[in-house]
Amino acid sequence: MSIKETALPKVQTKLFINGKWIDGDNKETKDIVNPATGEVIAKIAQAGPNETNQAIKAAKDAFPDWAKMELADRVKLLHKIADLMEEKADTLAKIMTLEQGKPLKESKGEVLIGAENFRFAAGEARRLYGETIPAPNNHAFIVKKQPIGVVAAITPWNFPGGMVTRKLAPALATGNTIVLKPSGDTPLSALAIFETFEEAGLPKGVANIVMGSSKEIGEALTDSDDVRKLTFTGSTKVGQTLFKQSADTLKKLSLELGGHAPFIVFDDANLDAAVNDLVTAKFRNNGQVCVSPNRIFVAKEIKEKFTKALVTKVEQLKVGNGLDDVNVGPLIRKDAIDKIDKQLKNATDKGAKVLTGGGRLTGSEYDKGNFYKPTVLDNVTQEMDIFYEETFGPVIPLITFETEDEAIKMANDSEFGLASYFYTKDLARVEKVGAALEYGMVGANEIAISNPETPFGGVKHSGFGRENGHFGMEEYIQVKFINLKYRD
């Protein structure tokens, strides 16, 4: 691949506030590093509290006109944004792969789903129906759904385009204005999306983007009474901090936090489907996914056969630069490798066995990047850290179970409750296990649990609130009751 082919496409690197691309007050920048090569690919402007407050003011000032815009006109703008994202899909995908590392085909899929998020939100905005409740004579009880106001969105690095569109599309569709703080590791995808906003003709101040210190920007957003809603995807620890910081201003919150998904394979499962789906789900984005299968429970009767097929499949995966024809890209940072190594050492010291993988990839094509071998770990028990700690990386821990109730109990033995999966041909078991798993989402013989039409979110320490579907739209509206009495 030539140097020209691997160069970063032209993309903005400045803050976008009130319709203008500007530098931060202190003119500081942050290096954005390609995790596959270690190279600095861009220098991004940095904001602090002052610029964040400017963005909040711009959003507040833009809100009245945006909220009262004719719905048909707002919908038309969102469709135009979707059209532009589709037209620029190859460029947006390349930007994403260069800053985040995931294979190019995954990046393009994420871009196209992002465009679909805008299309779905635009259509669903037409169906935010209010209500008229039966009332006494000469009265009308009217329930209206209205936008909240200024929305603050904080998005993670693992899906730098998908998380932006999943939050901004419904927020904008319902008439709110936005201040976005993308991950400091992967802001380029968000900036490229904001370029489509500008090209589509989104009015100034409706959408604003600031990059910089998470602490400073987060505090400015949570402290502001003008920000009426905060949506965050990230770690449970940071989510808890934002929850506490938002208490004084009583914001509406939606928090999509950590996950530690169980993947249960019962003795009557379709093994080929279970193995193929597990490998697909686990190694998507190199395991750096909040809904990634992290604890694999396999029935004792089929364990040997399942494990053999799994290891064979994993060893066929090709790891490398996401711009090449590979299945798995790099991890986002070197400290992610250190965490995986620590978990594996703890597990092997307590009796777990590495069946394949189990360390960094080395060699000239890997030494400058954050590459790790796809790993299968057997004989995992509840005495090991990896059973309870979320693994954000390419490791499959295998756990044996003997009874259905034992599998359910172990699967629920987690503070997290985001996603879960199980495989069986028994319809009665589907009903029982699906109801018993303490997770916001359940895949029964299926891994596709994130769709524009369906609710996405968790319970317990995985947060609250929902994204996608009409449930996600409701997160960005407030209900107003009007008691109308007809008088002469």
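## Thr 165 and its surroundings

A polar atom of the Thr 165 side chain sits 3.1 Å from the backbone oxygen of Gly 162. A polar contact is a pair of N or O atoms within 3.5 Å; within protein, one must be able to donate a hydrogen and the other to accept it, and residues adjacent in sequence count only if both atoms are side-chain atoms. Before going further, please note that this is a predicted model, in which local features need pLDDT of at least 70 and side-chain atom pairs count only at pLDDT 80 or more, while totals for chains, interfaces and linings use all residues. Residues are numbered from 1 along each chain as its sequence is written, and side-chain values use heavy atoms, with hydrogens and water left out.

Thr 165 belongs to helix α6, residues 162-173. Helices (H or I, at least four residues) and strands (E, at least two) are DSSP runs, numbered from the N terminus. With a relative accessible area of 0%, Thr 165 is buried; buried means under 20% relative accessible area, exposed over 50% and partly exposed in between, using a 1.4 Å probe and protein chains only. Setting aside neighbours within four places in sequence, Thr 165 is in contact (heavy atoms within 4.5 Å) with Met 85, Gly 114, Asn 117, Phe 118, Pro 170 and Ile 193.

## Helix α7 and two partners

How do α6 and α7 lie relative to each other, parallel or antiparallel? Their axes come within 11 Å and cross at roughly 30°, so α6 and α7 are roughly parallel. Axes here are lines fitted to C-alpha atoms, for helices over the stretch in contact, and angles run from 0 to 180 degrees between N-to-C directions. Angles under 35 degrees count as roughly parallel, over 145 as roughly antiparallel, 65 to 115 as roughly perpendicular and the rest as oblique. From α6, Val 164, Thr 165, Leu 168 and Leu 172 meet Ala 190, Ile 193, Phe 194 and Phe 197 of α7. This contact of α6 with α7 has seven nonpolar residues, one polar and no charged ones. Ala, Val, Leu, Ile, Met, Phe, Trp, Tyr, Cys and Pro count as nonpolar, Asp, Glu, Lys and Arg as charged, and the others, Gly among them, as polar.

Helix α4 (residues 89-100) also packs with α7 (residues 188-200), at an angle of about 160° and with axes 9 Å apart. The pair α4 and α7 is therefore roughly antiparallel. Leu 92, Ile 95, Met 96 and Glu 99 in α4 meet Leu 188, Ser 189 and Ala 192 in α7. The residues of that contact of α4 with α7 divide into five nonpolar, one polar and one charged.

Not counting residues up to four places away in sequence, Glu 475 touches several residues, including Lys 229, Lys 252 and Arg 466.

Asn 468 lies in the loop between β21 (463-464) and α16. Phi of Asn 468 is near 70°, a positive value in a residue other than glycine. Asn 18, in the loop between β1 (15-17) and β2 (20-22), likewise has a positive phi, near 55°. Asn 468 is buried, at 9% relative accessible area, whereas Asn 18 is partly exposed, at 31%.
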